[in-house]
Amino acid sequence: MNGLKSRSCCFSGHRRLPEGQKAAIMASTEEKVRELIGGGINRFLVGGAFGYDMEVAKLLFHLKNEYPDIKVVLVYPFDGYADGWNDAQKAEYAELLPQYNEAIRASERSGRDAYLLRNRLLVDGASVCIAYCHKYRSGTAYTIRYAKAQGLMVINTAPEEAAKGAILP
């Protein structure tokens, strides 16, 4: 495993976080991120979707105050992928965008394949994947199955009862 990959973590999660559970999900995520930083992980790849991805980006930017050497990389599917978002989501994305250390576009073309390629780029660039997944049939579940097949350590921050059956062994 190359040095950069061995020091990198990717994230994958659903676009909707359950009401009343966001704080617990993000506290669990922060705990895992801090553990990884303590173990030498310093590069974090984020997929750029609203929901879990955006919450993770905000968490990482906050943690940069404490850990200025960490790098946060946006891996996005294609130019204009956020065009269909509502105004509040677009504004939040625009506020976060300049804070990334790097942005990597997965595809020159829009479409489903671009999202799949983005998910694979996230995984292929990391040694660990932190996820929020409670749905078996989802892009997040696909990404986690791919990560496991590639030998990544996968950490699911979904409450255990919600995550049962969400991911293939």
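**Exercise 1.** Which residue of strand 2 stands opposite Ser-8?

*Solution.* 
- Step 1: Ser-8 faces Arg-43 in strand 2.
- Step 2: know your source. This is a predicted model, in which local features need pLDDT of at least 70, side-chain atom pairs count only at pLDDT 80 or more, and totals for chains, interfaces and linings use all residues. Residues are numbered from 1 along each chain as its sequence is written, and side-chain values use heavy atoms, with hydrogens and water left out.
- Step 3: look at the whole pair. Strand 1 and strand 2 are joined by three bridges in the parallel sense. Two strands pair if DSSP finds at least two bridges between them. Helices (H or I, at least four residues) and strands (E, at least two) are DSSP runs, numbered from the N terminus.
- Step 4: Strands of a sheet pair through backbone hydrogen bonds, either parallel or antiparallel.

**Exercise 2.** Work out the strand order of the sheet, and say which strands are at the edges.

*Solution.* 
- Step 1: the order is 4-3-2-1-5-6, with six strands in an open sheet and parallel pairing.
- Step 2: strand 4 (102-105) and strand 6 (153-156) are the edge strands, each pairing on one side only.
- Step 3: from one strand to the next, the twist averages 20°. Axes are lines fitted to C-alpha atoms, for helices over the stretch in contact, and angles run from 0 to 180 degrees between N-to-C directions.
- Step 4: Strand 3 (residues 71-76) pairs with strand 4 in the parallel sense, over four bridges. Val-73 has Glu-102 of strand 4 as its bridge partner.
- Step 5: Contact means heavy atoms within 4.5 Å.

**Exercise 3.** How many residues of strand 1 are buried?

*Solution.* 
- Step 1: Buried means under 20% relative accessible area, exposed over 50%, and partly exposed in between (1.4 Å probe, protein chains only).
- Step 2: count. Six of the six residues in strand 1 are buried.
- Step 3: sort them by face. In a regular strand the side chains alternate between the two faces of the sheet. On one side lie Ser-8, Cys-10 and Ser-12; on the other lie Cys-9, Phe-11 and Gly-13. Both faces are covered.

**Exercise 4.** Is Leu-60 buried or exposed, and what does Leu-60 touch?

*Solution.* 
- Step 1: find Leu-60 in helix 3 (residues 52-63).
- Step 2: Leu-60 has 0% relative accessibility, so Leu-60 counts as buried.
- Step 3: list the contacts, skipping residues up to four places away in sequence. They are Phe-11, Val-33, Phe-44, Val-46, Ile-70 and Val-72.
- Step 4: take one pair. Leu-60 and Val-46 are 14 residues apart in sequence, and their C-alpha atoms are 9.7 Å apart.

**Exercise 5.** Describe how helix 3 packs with helix 4.

*Solution.* 
- Step 1: the angle is about 30°, and the axes are 11 Å apart.
- Step 2: the crossing of helix 3 and helix 4 is left-handed. A crossing is left-handed if the near helix is turned anticlockwise from the far one by less than a right angle, and right-handed if clockwise.
- Step 3: name the residues. Helix 3 gives Met-54, Glu-55, Ala-57, Lys-58 and Phe-61; helix 4 gives Gln-89, Glu-92, Tyr-93 and Leu-96.
- Step 4: class them. Five are nonpolar, one is polar and three are charged. Ala, Val, Leu, Ile, Met, Phe, Trp, Tyr, Cys and Pro count as nonpolar, Asp, Glu, Lys and Arg as charged, and the others, Gly among them, as polar.
- Step 5: look at two of them. Glu-55 is buried at a relative accessible area of 16%. Gln-89 is buried too, at 17%. Beyond four places in sequence, Glu-55 contacts Leu-17, Lys-22, Met-26 and Glu-92, while Gln-89 contacts Phe-50 and Met-54.

**Exercise 6.** At what angle do helix 5 and helix 6 pack?

*Solution.* 
- Step 1: helix 5 (residues 112-124) and helix 6 (residues 139-149) pack at about 40°, with axes 10 Å apart.
- Step 2: that makes helix 5 oblique to helix 6. Angles under 35 degrees count as roughly parallel, over 145 as roughly antiparallel, 65 to 115 as roughly perpendicular and the rest as oblique.
- Step 3: the crossing of helix 5 and helix 6 is right-handed.
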